[in-house]
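Please read the points below alongside the model.

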Amino acid sequence: MEERDLEILPGFPLEAFLQGPDSAAWNRDTCRSYRRALYELQHFLAGKGLPTPQLLEAWQADLHRQGYRQRSVNMRISAANNYFRRCGRHDLLMHHSRPNAVPVPELTRAEYLRLLQTARGQNKHRLYLLIKLFATTDLSLQCLEQITVQVVQDGGAVLDCRGSPLEFHLPAALRQELLDYIAEHGPASGPVFITRGGRPINRSNLCREMQELCRAAGVPEQKGSPRCLRNLYQATQNDIYANLEQMLQQAYDQLLQAEQTAAGWKEGA
């Protein structure tokens, strides 16, 4: 079966949903996250039959066993719920759970902005861009060398993240800042973030620079890492998805109430 024909529920291909009317309200990151989540669910259900509340509970448990945090599980729940709602299967809708406490310290957006302002005040242009890159995209530190001049010019690319493809997209504002940086500092081609000697940035040195910036910005230095910045991106995305789903549920409830008023049994009697 080709990818475009894959289904979770018969008669509702995943690609038809992902490219259907609902997708007009999604940004590129939302589409990418929804596609990944729904194909993960389809793969989990393969050979198990049609989805049931019990199977969906087992899917969530399996995600936790794989090490996904509750925020990431909630994002996948949002994707599946939107699909089931479009299919008219409200009996399959799942509930979000509160995110679990995680050992990695959580960077707030106010702290993130202080880091950017401090880097700008200290004229640390490269560090400013690196902080913004990790906090506004799903990029992992392992993929940093793949951010080349060509990738910036194209606005994104499919990267190789530990053997798995990562569809990387640069926000427009960050892309322009990177283009300005390249024009001013080079290089003409290859990786954007390199040392003066042309070598890839040392990860230990990068974390040390981030921690020094944290101290200068009045931010706990343990938050000065690409992982904390990336967690901020993921938490922000997941909060947006959860709020979007709540709005969709409220709109659906209002629709049902309006239909009840117009054609309910008691009203029509």
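This is a predicted model: local features need pLDDT of at least 70, side-chain atom pairs count only at pLDDT 80 or more; totals for chains, interfaces and linings use all residues.

Residues are numbered from 1 along each chain as its sequence is written, and side-chain values use heavy atoms, with hydrogens and water left out.

1. Main core. The largest nonpolar core has 41 residues. A nonpolar core here is a set of buried Ala, Val, Leu, Ile, Met, Phe, Trp, Tyr and Cys residues joined through side-chain atoms within 4.5 Å; buried means under 20% relative accessible area, exposed over 50%, and partly exposed in between (1.4 Å probe, protein chains only). The residues with the most contacts inside this core are I131, L133, F134, L139, L144, F193 and L206. Elements giving two or more residues to this core include α5 (109-121), α6 (125-136), β3 (156-161), β4 (164-169) and α10 (226-263). Helices (H or I, at least four residues) and strands (E, at least two) are DSSP runs, numbered from the N terminus. The largest share, eight residues, comes from α6.

2. F193 and the second core. Leaving aside neighbours within four places in sequence, F193 is in contact (heavy atoms within 4.5 Å) with R126, L129, L130, L133, L144, L178, P200 and I201. A second, separate core has 30 residues, among them C31, A37, A80 and L92.

3. Helix α4. This helix has 17 residues and reaches 24 Å from its first C-alpha to its last, close to the 24 Å expected at 1.5 Å a residue; the expected span is 1.5 Å times one less than the number of residues. Of the 17 residues in α4, 15 are buried. Just after α4, G88 takes a positive phi of about 80 degrees.

4. R76 and E40. The count of salt bridges comes to 11, each being a side-chain nitrogen of Lys or Arg within 4 Å of a carboxyl oxygen of Asp or Glu. One of them joins R76 and E40 at 2.7 Å, N to O. This pair links distant parts of the chain, with R76 in α4 (residues 70-86) and E40 in α2 (residues 28-45), 36 residues apart. R76 is buried at 5% relative accessibility, whereas E40 is partly exposed at 23%.

5. Two further pairs. D91 and R89 form a salt bridge at 2.9 Å, N to O; D91 is partly exposed at 47%, and R89 is partly exposed at 29%. R208 and E212 meet at 3.3 Å, N to O. These two are four residues apart in helix α9, which means a separation of about one helical turn. R208 is partly exposed at 39%, as is E212 at 31%.

6. N123. Which residue other than glycine has a positive phi near 60 degrees? N123 does, and this residue lies in the loop between α5 and α6. N123 is exposed, with a relative accessible area of 67%.

7. Cysteines. How many disulfides does a search of the whole structure find? The search finds zero, a disulfide being a pair of cysteine sulfur atoms within 2.5 Å. The sulfur of C207 is 9.6 Å from the closest cysteine sulfur, that of C228, and is therefore too far for a bond; C207 is partly exposed at 22% relative accessibility. For C214 the nearest cysteine sulfur is also that of C228, 8.3 Å away, and C214 is buried at 0% relative accessibility.
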